[in-house]
Amino acid sequence: MSLAAATAAAARATTTAAESHGFLSPTGVEIAFLLVGLVTFGAAIVTVTTKQLVHAALWLVMALGGLAVEYLLLTAEFIAWVQVLIYVGSVVVLLLFGLMLTKAPIGRSPDADSGNRWVALTVAVAAAAALVWVVVDAFRTTWVDLKGPAAGSTEVTGASLFQNWVLPFEALSVLLLAALVGAIVLSRKAKADATTPADAATPAGAQSRRSEKEGTR
Amino acid sequence: MHLAYPAVLSALLFCTGLYGVLARRNAILVLMSVELMLNAVNLNLVAFDVWLSRTARDTLHSGQALTLFTIAIAAAEIGIGLAIVLAVYRGRGTSDIDKLRDTAEGPAPDDSRGDGTEEAPVTGDEKAEATA
Amino acid sequence: MTTTTLAVLVPLLPFLGAAAGLLLGRTAPGYVRPLAVLPSLTSLVLAVLVAVRQGGGQAINAATELTPTGSVPIELALHIDGFAALVAVLVGVVASCVQIYSTGYLRDDPRYPSYAALVSLFTSAMLLVVYSGDLIVLLVGWEVMGICSYFLVGHYWETPEARAASIKAFLVTKLGDVPFLIGLFALGTDAGSFRITTVLGTVASGGLHHPTLIALLLLAGVAGKSALFPLHTWLPDAMAGPTPVSALIHAATMVAAGIYFVARLLPVFQASSAAMVVLAVMAAVTMAGSALAALAQDDIKRVLAYSTIGQLGYMAGALAVGDRGAAVFHLLSHGAFKALLFLAAGVIIHASGTNSLAVMSRMTGLRSRVPDAYWTMTVALLALAAIPPFSGFFSKEAVLGAAEHVATGHTEHAPGSAGWIVLVAGLVTAVLTAAYATRLWLLTFHGRGVEAPDHGKEPRSMTAVLWVLAVPSLAFGLAYGPLPDWFDGRDLTPVLTTSVLGTGLALVGGIITYGAWRHTTALAPRIPLGAVAAHPDADAGVVEAEAIASHAPAFGDVAYAADPADPGRLLLGPLHRHAAVGFHLDAVYNVLFVRPVQAGAALVRFLDREVVDTYVRGAAALPRLLGAAVRRAQTGNVQTYVSALLAGTVVLVVAALLVATGA
């Protein structure tokens with residue numbers, strides 16, 4: 001945090017003209033952002049490539065936490081803490097629960113990636129190249145001035161949220177309620193599932209196969 | 001700070017999540033990748049909001065508000081998504097996305113229904129042989 | 001009631017009887033026989049009343065137009081002159097006799113209700129043809145007769161002969177009906193009306209533009225209906241139907257319709273001397289050829305069928321020499337004795353259990369089993385052979401006299417060549433007719449061999465009508481005196497020359513045949529032949545159906561029997577083999593029409609299966625390939641789908657960017 005403040009002060013000392021800020025003379029904030037960004041990106045890459053399912057969730061924590069730091073560096077404090085609370089705190093925990101409940105294998109599973117991998121890689125790389133090209137082409141001279149009061153302090157965000165965004169905020173609460181009800185309905189064990197023998201037999205057989213598989217391992 | 005840094009990072013994260021969505025077999029890992037994509041969008045929103053609030057004296061803070069909404073919706077989405085994955089797992093004994101092929105064109109025209117349930121044991125056996 | 005009302009009721013009553021019979025046939029079988037017989041009898045009485053009131057005087061014309069039909073009006077018209085009145089009486093008499101006879105003949109037939117209704121409809125259609133004053137209404141009756149003959153000839157449809165015969169009758173008459181229809185339209189267009197009176201008026205004023213074409217087209221239809229050469233081949237095969245139907249077709253309806261039609265429209269034909277010569281040639285070939293064929297037939301009914309064709313040739317000959325009075329006179333007398341011949345033949349077939357003359361000639365005592373048939377048939381055969389004083393003599397002499405009249409130079413009505421052709425052919429046929437009549441009589445009633453089977457007495461309904469019909473066969477010839485008042489006024493009295501010549505030739509023919517029979521009959525007991533119906537005690541219709549069905553297996557052919565005791569074989573010599581099969585005309589038609597049509601059908605089938613379908617299959621192949629490719633893509637894997645979607649999105653975005661930046 002102190003590092004960020006120092007870089008902000010250094011940036012304030014320099015001229016505000018955008019042309020004078022070259023990529024070859026980065027400020028301290030930029031260096032910090034770059035480093036944290038690299039870590040975040042690396043954690044994300046590992047998340048989508050690791051063969052250990054539980055590790056993927058943990059690497060996801062890393063990536064999301066890195067993003068929270070990036071928010072802080074962008075002076076959006078409130079978002080950063082919300083990020084930590086909701087994503088790192090609850091979403092990842094939920095995902096871990098999901099992995100456990102679906103009896104995801106602990107340790108390396110060779111089939112974590114589907115056969116679609118190379119197509120996916122091609123599409124992702126092409127999309128990344130296109131996006132990066134466009135973004136760099138469009139914003140290579142745009143300068144964000146981080147001096148002055150924080151753009152995303154709790155006070156500013158709260159004032160904006162409850163002055164200008166009250167109605168969507170309340171609508172969002174209804175959406176959350178609907179999601180809650182939906183999740184309950186979906187999770188409840190339907191009685192019809194257990195009555196038909198074919199449907200009841202299939203998961204049992206699959207589970208027995210899975211236990212056999214783990215036994216062999 | 002150059003706006004290009006958060007924008008490029010956001011693009012890269014998004015494409016990483018994209019790769020995960022397309023390449024991962026486990027449905028929960030796909031959900032994780034979706035979270036990555038959402039977060040990439042969030043980063044973009046926050047960065048542009050900060051830029052606009054300084055450059056254009058924008059006091060609406062729509063980027064931050066939308067980020068909060070996205071986080072809330074993502075939370076709801078992950079809840080619903082997990083509920084669906086669990087329901088599918090209960091019904092079929094697997095949460096592998098590439099085995100949910102009920103919409104596939106079957107080998108015979110009138111045999112499209114049992115495709116998903118009939119192919120699943122075969123691939124499951126192959127998987128067991130591979131692990132053994 | 002006015003005469004017009006009576007005349008309308010004449011064809012209407014059998015029609016209503018037919019409709020009622022078809023409706024009630026299943027539900028109320030008790031009403032079927034009255035519904036069959038009473039309308040025919042009533043319309044006979046009404047036809048007699050109409051004839052008496054008309055009295056040969058001025059023709060009765062009445063017309064009503066139901067609805068406007070455009071430039072050429074079609075009217076429900078009556079045109080009753082002496083011809084129509086007398087022919088209607090003949091139709092009524094024969095139809096009533098046939099209906100009464102059928103009640104006994106088809107006593108136990110399960111299809112009797114529909115049979116009787118169809119006979120009534122047949123009668124009604126013929127009466128419509130006779131009374132109609134409008135050519136289109138006439139055509140309706142004409143075509144209804146065609147379809148009725150199809151159903152009735154195919155009454156024993158269990159036998160393949162009957163099925164083939166009914167289809168043949170229908171197709172051959174249709175073959176003539178198509179040009180007939182075109183001819184009627186051409187005639188109606190030229191005359192501006194389909195009314196017979198208008199048409200005749202146009203002809204008289206010389207308003208017909210294409211007389212030869214129209215006459216020849218109409219002649220094709222007439223040849224089909226009246227079984228004239230070359231469209232006569234259906235008639236002998238139509239013997240596969242029940243005997244009463246044969247009597248009806250041969251005596252009063254169907255074949256009479258063609259002759260009657262020409263008689264009614266004779267001025268149209270006279271407008272073209274070429275048509276008259278063609279008609280004369282057709283008549284000559286028909287009568288001579290059919291008489292030769294009749295001499296060689298083994299089936300008693302086929303002999304009678306060929307004799308009908310021969311007599312129709314006489315009528316056509318009379319028309320060809322422009323004397324329709326003689327033609328209709330012969331039509332009337334022939335109708336009476338030919339109905340009698342067929343009905344008597346039905347009795348004989350029932351009694352002997354066979355339709356083969358070869359088998360009958362090996363039975364003794366058939367004469368005493370059916371005395372009614374014996375005596376009446378003798379009368380009818382004498383009439384057929386034109387022996388005075390029977391009716392056939394007078395009517396045939398009228399024909400020959402008319403031919404001689406034209407041949408000797410009175411060519412105002414017909415070309416002289418037609419007169420000579422008809423006269424010579426008629427005299428030749430007179431010999432042959434007498435010969436085959438004698439042969440039929442001798443072989444049937446004077447056989448030697450085993451005793452004829454005894455099935456008890458024939459039904460009264462079958463024998464009574466024979467005597468009813470024997471009266472006109474015997475005495476109708478004396479009507480030559482009053483008849484000219486009903487007809488055109490031309491004298492029908494026998495001319496001395498032709499009378500002596502004709503009768504002499506007939507006697508010669510009969511005596512020669514008798515001599516031949518005396519010579520061959522000794523052979524008969526040596527070569528046993530026999531095929532008798534399996535159920536000789538059954539209903540007459542069943543016996544006949546079995547006799548027809550067993551003829552081909554027993555003798556190798558429906559028309560032929562290898563009987564050396566046949567006097568016809570001796571008389572015809574090497575010609576016998578060809579005459580028995582109708583001079584191979586069926587084979588010729590087979591080569592000329594049936595095979596090309598079948599080859600054409602095979603070609604069309606080939607084109608359809610191999611050529612057209614190839615295009616269809618080719619059109620289907622590309623979509624099927626594309627469909628297979630698309631189906632291959634439907635793996636059901638959501639990730640594949642999303643990958644494709646996003647790849648497409650990336651490509652599109654890049655393309656859009658390149659376009660937008662002008663790169």
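Ten residues from chain C and ten residues from chain B make up the contact between these chains. Two residues are in contact here if their C-beta atoms, placed from the backbone, lie within 7 Å. Helix H28 of chain C (residues 638-661) supplies the largest share of the chain C side, five residues. Helices are DSSP runs of H or I with at least four residues, numbered from the N terminus. By class, the chain C side that touches chain B has three nonpolar, six polar and one charged residues. Nonpolar covers Ala, Val, Leu, Ile, Met, Phe, Trp, Tyr, Cys and Pro; charged covers Asp, Glu, Lys and Arg; the others, Gly among them, are polar.

This is a predicted model: local features need pLDDT of at least 70, side-chain atom pairs count only at pLDDT 80 or more, and totals for chains, interfaces and linings use all residues. Residues are numbered from 1 along each chain as its sequence is written, and chains are lettered from A and ligands numbered from 1 in the order in which they are written.

Chain B also meets chain A. That contact takes 91 residues from chain A and 79 residues from chain B. H5(A) gives the most to the chain A side, with 13 residues. The chain A side has 57 nonpolar, 21 polar and 13 charged residues.

Now the cores. A nonpolar core is a set of buried Ala, Val, Leu, Ile, Met, Phe, Trp, Tyr and Cys residues joined through C-beta atoms within 7 Å. Buried means that 20 or more other C-beta atoms lie within 10 Å of a residue's own. The largest core has 234 residues, and C:Ala88, C:Val94 and C:Leu343 have the most contacts inside it. Helix H15 of chain C (residues 324-352) gives the most to this core, with 19 residues. A second, separate core of 88 residues includes B:Ala4, B:Val30, B:Val50 and B:Leu86. Setting aside residues up to four places away in sequence, C:Val94 touches C:Ala247, C:Leu248, C:Ala251, C:Ala252, C:Gly335 and C:Ala339.

| Span | Helix | Strand | End C-alpha distance |
|---|---|---|---|
| Chain B, residues 65-89 | 100% helix | 0% strand | 36 Å |
| Chain A, residues 28-46 | 100% helix | 0% strand | 27 Å |
| Chain A, residues 165-186 | 95% helix | 0% strand | 31 Å |

Terms used
Helices (H or I, at least four residues) and strands (E, at least two) are DSSP runs, numbered from the N terminus. A residue is buried if 20 or more other C-beta atoms lie within 10 Å of its own, exposed if 12 or fewer, and partly exposed in between; C-beta atoms are placed from the backbone.
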